[in-house]
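Here's a quick tour for anyone meeting this protein for the first time. Take a look at the model, and then we'll walk through a few spots together.

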Amino acid sequence: MTHNAESQHLEWKESWRDEYLKWVCAFANTGGGTLVVGRNDAGAAVGVRDAARLLEDLPNKIRNLLGLVVPVQLRRESDLDLIEIEVEASPYPVTYRGKYYVRSGSTTQELSGAPLDAFLLRMQGRHWDGVPLPRVGPADLSAAALARFRVLAGRSGRVATEWLDEPDTALLERLRLTDGTYLKRAAALLFHPDPEAFVGGAWIKVGAFGDSDADLRFQDEVHGPLLLQMETMVELLKAKYLKTPISYQGLQRIETLQVPEAALREALLNAVVHKDYASAVPIQISVYPDRLLIWNAGQLPPTWTVEKLLGKHPSIPFNPDVANTFFRAGQIESWGRGIERMVQACRAAGAEPPILRHDATGLWVEFALLTSSTPEVTPEVTPEVTPEVALLQVLTGELGRRDLQERLGLKDAEHFRQAYLLPALEAGLIEMTRPNTPTSRLQKYRLTAAGQTRLNSAEP
């Protein structure tokens with residue numbers, strides 16, 4: 001007779017030992033399961049001795065040591081006695097001698113540290129980013145991050161218009177980022193100017209490498225509210241780490257980022273929303289000459305595989321409160337379509353779909369970098385134009401912010417400020433005509449000597 005293989009919900013043991021109460025505990029903590037005594041690792045029935053005694057002793061031991069009442073039944077197979085212990089999923093955490101055990105695949109594991117914290121929260125119907133955070137109030141949050149949310153949410157249409165006109169305290173309640181009189185961890189992650197004061201590793205780092213991990217060329221870090229981190233990192237990757245090869249189709253100039261921007265944004269959003277922030281390690285991006293890798297310490301739901309991620313699947317965010325805010329801001333969907341959207345964006349750009357890998361450390365997303373290899377590419381490729389140089393090219397005389405933004409064809413004022421204006425000012429390539437009143441409505445900008453030199457060097 002053949003039997004189903006051992007799995008998350010099935011375990012075979014040749015004989016009974018009291019240490020197998022760990023397996024009963026693990027089944028109770030992980031959706032239930034069946035422990036069969038009298039079957040070997042190959043699934044063949046070998047029988048048990050003293051089956052009558054086990055039928056009497058085991059229910060008492062399980063009740064006294066685990067606090068569970070479970071059916072223990074005698075089965076006959078090939079004239080051999082088998083004992084089956086049917087364990088239902090427990091609605092509360094179950095311990096064995098003060099320790100917690102769960103099933104992972106066909107193994108039983110003891111929980112400790114961050115995984116134990118997450119398990120206990122889940123059994124209480126809570127999640128990590130929903131835990132109240134003392135000593136933090138709405139006044140401690142970043143006004144810029146909250147203002148940015150209002151802009152994005154207003155465009156998305158996923159919040160009632162009146163929400164956006166309410167005070168910060170009311171808006172945070174609408175977003176379910178409060179628990180009684182406390183803000184949740186998610187509120188600090190999303191909107192606090194320094195979330196690392198409360199959550200270790202709540203930032204993103206990126207490095208450019210040569211052909212090996214030992215050859216680190218340069219690196220950067222992005223800190224601050226999660227809502228701003230993702231946008232800042234995308235602009236940093238576009239300006240410093242990824243090239244925009246230029247090709248021509250007839251007289252039309254074509255510029256294609258090495259990783260399709262829509263796919264890049266989706267991958268970063270997935271990393272930010274699904275990361276296990278209890279891990280206290282940052283999201284890490286590695287850029288090589290031929291590929292870009294994004295890693296985050298996120299874990300898949302129990303029994304899920306990468307293959308399931310690539311197919312149709314429900315949305316089960318690791319940080320549901322963080323995810324809800326990004327959804328209201330129009331940054332993500334709520335149907336588990338993030339991976340599908342990445343794949344579609346790559347195919348639309350003629351790029352290879354990303355490769356996903358999941359291991360004990362977290363989730364990896366790998367993109368192959370696009371190159372200018374089509375026949376339409378002109379032999380004399382125009383040098384890469386950075387945002388700063390593009391700004392210098394349109395700055396003639398003295399111009400105001402709106403004039404510069406219009407000349408660059410940019411619609412998003414915040415994107416223009418972060419990616420073009422501020423980097424040029426910080427690099428000393430342009431200067432204000434009214435430096436003592438930087439927010440003046442009469443403020444204009446002009447080239448510096450350094451900016452003119454940089455512009456001259458960039459001209460073909």
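## A threonine in a loop

One thing to keep in mind as you look around: this is a predicted model. Let's start with T30, which sits in the loop between α1 (21-29) and β2 (33-37). Is T30 buried or exposed? With a relative accessible area of 13%, T30 counts as buried, because the cut-off for that label is under 20%.

So what does T30 touch? Its side chain reaches back to the backbone oxygen of A26, at 2.8 Å. If you skip the neighbours within four places in sequence, T30 is in contact with Q8, H9, V102 and R103.

Next up is a sheet of 3 strands, open and antiparallel, in the order β5-β6-β7. The edges belong to β5 (95-96) and β7 (107-110). Each of these two has a single partner strand, so one side of each is left without a neighbour in the sheet.

In general, strands of a sheet pair through backbone hydrogen bonds, and they can do so either parallel or antiparallel. Here, β5 is joined to β6 (residues 99-104) by 2 bridges, with the two strands running antiparallel. If you'd like to find one of the partners yourself, go to Y96: its bridge partner in β6 is K99.

Last stop: α10, which spans residues 320-328. How many of its 9 residues are buried? The count is 7, so the helix is mostly covered, given that buried means under 20% relative accessible area. The buried ones are D321, V322, A323, N324, T325, F326 and F327.

What do those buried residues pack against? Their partners are α4, β10 (182-184), α6 (185-191), α7 and α8 (261-274). After α10 comes G330, which has a positive phi, near 75°.

Terms used: Residues numbered from 1 in each chain as written. Predicted model: local features only at pLDDT ≥ 70, side-chain atom pairs only at ≥ 80, totals over all residues. Heavy atoms only, no water. Helix = DSSP H or I, 4+ residues; strand = E, 2+ residues; numbered from the N terminus. Buried < 20%, exposed > 50% of the residue type's maximum accessible area, 1.4 Å probe, protein only. Polar contact = N/O pair within 3.5 Å; in protein donor to acceptor, adjacent residues only side chain to side chain. Contact = heavy atoms within 4.5 Å. Pairing = 2+ DSSP bridges.
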